[in-house]
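Please read the sequence alongside the structure shown below. The explanation that follows goes through the fold in paragraphs.

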Amino acid sequence: MNQSFPSRFGFHAPIAGGLHNALIKSHELQCNAVQIFSRNPRGWTAKPLIDEEVARFQTTRAETNIATVVIHACYLANLAAADFVIREKSRLAFREEVERALKLEADYLVVHPGSAKGACAADGVRTCAETLRAACRDLELKNLRILIENTAGQGECIGHRFEHLRDIIALCPKLNLGVCFDTAHAFAAGYDLREEDGFHAMLEQLDLCVSTSNIPVVHFNDSKTAFASRVDRHANIGTGEIGDAAMRRIATSAKLKHAAFLLETPHEPHEDFVRDIAVLRSFIERTEAQRSRALRSLNGIKTSSANNLKH
Ligand SMILES: [Zn+2]
Ligand SMILES: [Zn+2]
């Protein structure tokens with residue numbers, strides 16, 4: 001694959017028939033990064049990962065050359081829960097997520113910070129950080145990095161302001177947390193990234209709060225819901241409220257070029273989803289082509305000025 005810009009992209013792939021199938025599907029669609037659930041995302045209990053499944057995943061990863069594996073934690077765990085019973089269940093469920101991610105040698109584990117229902121956002125932020133620290137106690141994370149995802153702010157969810165992410169990270173200094181930046185969530189939460197000015201202002205805030213260098217994963221989604229709606233519904237690229245031009249601006253931002261870009265757009269109809277991959281690739285490759293052209297013309301200028309000097 002040519003070294004594009006950003007160089008890693010893919011999508012949230014289904015795990016029906018085994019976790020390794022997500023890698024095969026990604027490879028078939030010429031992607032080199034993937035996001036998966038490592039278990040049923042809507043249940044509290046998960047079947048334990050058996051060694052055979054882990055080995056099959058590793059072998060398939062080597063065969064398919066998938067550079068980046070991201071696991072998205074299950075939805076039920078609420079790290080910010082004010083209720084003790086829910087918080088305890090969430091702590092255990094998240095610890096299990098970390099253990100599964102370690103077994104699978106995933107690069108990143110993405111988690112939503114949770115809902116502070118019944119408490120204020122500041123309490124939610126503190127509770128989330130405490131639960132994270134407790135869930136990871138005595139675990140060696142090795143190369144696994146936990147990423148807190150920004151949210152749309154639906155209901156009483158925290159994480160819709162970049163400051164929440166900043167504060168959670170600051171309260172967990174030993175965990176080396178990072179951020180997963182979701183474009184549709186930011187837009188629904190009230191960051192207007194449709195126009196160039198708004199996008200740059202948002203990037204500046206993101207940089208101030210968490211530093212864009214701590215964003216190794218971008219969830220690249222258009223939004224079905226309106227600006228600042230606080231409702232989380234993803235749309236296929238260019239068909240939603242963010243639109244094609246703004247999505248291209250995001251994909252080609254130098255500040256995010258180090259990140260893996262992952263689609264979480266609707267898979268049905270399938271043509272629309274396959275088109276999303278093609279659109280993301282076209283944004284990236286066009287940038288690469290533009291970059292090469294710019295370099296060539298720069299070299300041309302240098303050569304001609306060098307020639308001028310000789311004359
Ligand atoms: Zn998410
Ligand atoms: Zn997301």
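Predicted model: local features only at pLDDT ≥ 70, side-chain atom pairs only at ≥ 80, totals over all residues.

Which residue in S10 is the bridge partner of Val218? It is Phe261. This pair belongs to the contact between strand S7 (residues 217–219) and strand S10 (residues 260–263), which run parallel and are joined by three bridges.

Mean pLDDT for the chain is 92, with 92% of the residues at 70 or more.

Eight strands form a closed barrel with parallel pairing, and their order is S1-S2-S3-S4-S5-S6-S7-S10. On average, neighbouring strands of this sheet are turned by 25 degrees against each other, direction ignored.

Strand S3 (residues 68–72) pairs with S4 over three bridges, in the parallel sense. Within this pairing, Ile71 has Leu109 of S4 as its bridge partner. Together with H3, the strands S3 and S4 make up a β-α-β unit that is right-handed.

On its other pairing, S4 meets strand S5 (residues 145–149), again in the parallel sense, through four bridges. Here Val111 is found opposite Ile148 of S5. The chain gets from S4 to S5 by way of helix H4 (residues 121–135), in a β-α-β crossover that is right-handed.

How do the side chains of S4 point? Strand S4 spans residues 108–111; Tyr108 and Val110 point one way, while Leu109 and Val111 point the other way. All four of these residues are buried.

Helix H3 covers residues 84–103 and includes Arg87. Is Arg87 buried or exposed? Arg87 counts as buried because 21 C-beta neighbours lie inside 10 Å, against a threshold of 20 or more. Leaving aside residues up to four places away in sequence, Arg87 touches Ala81, Thr127 and Thr131. Thr45 lies 42 residues from Arg87 along the chain, and the C-alpha atoms of the two are separated by 15 Å.

Terms used. Residues numbered from 1 in each chain as written. Chains lettered and ligands numbered in written order. Helix = DSSP H or I, 4+ residues; strand = E, 2+ residues; numbered from the N terminus. Buried ≥ 20, exposed ≤ 12 C-beta atoms within 10 Å, placed from the backbone. Contact = placed C-beta atoms within 7 Å. Pairing = 2+ DSSP bridges. Right-handed = clockwise from strand over helix to strand, strands pointing away. pLDDT = per-residue confidence, 0-100. Axes fitted to C-alpha atoms, helices over the stretch in contact; angles between N-to-C directions.
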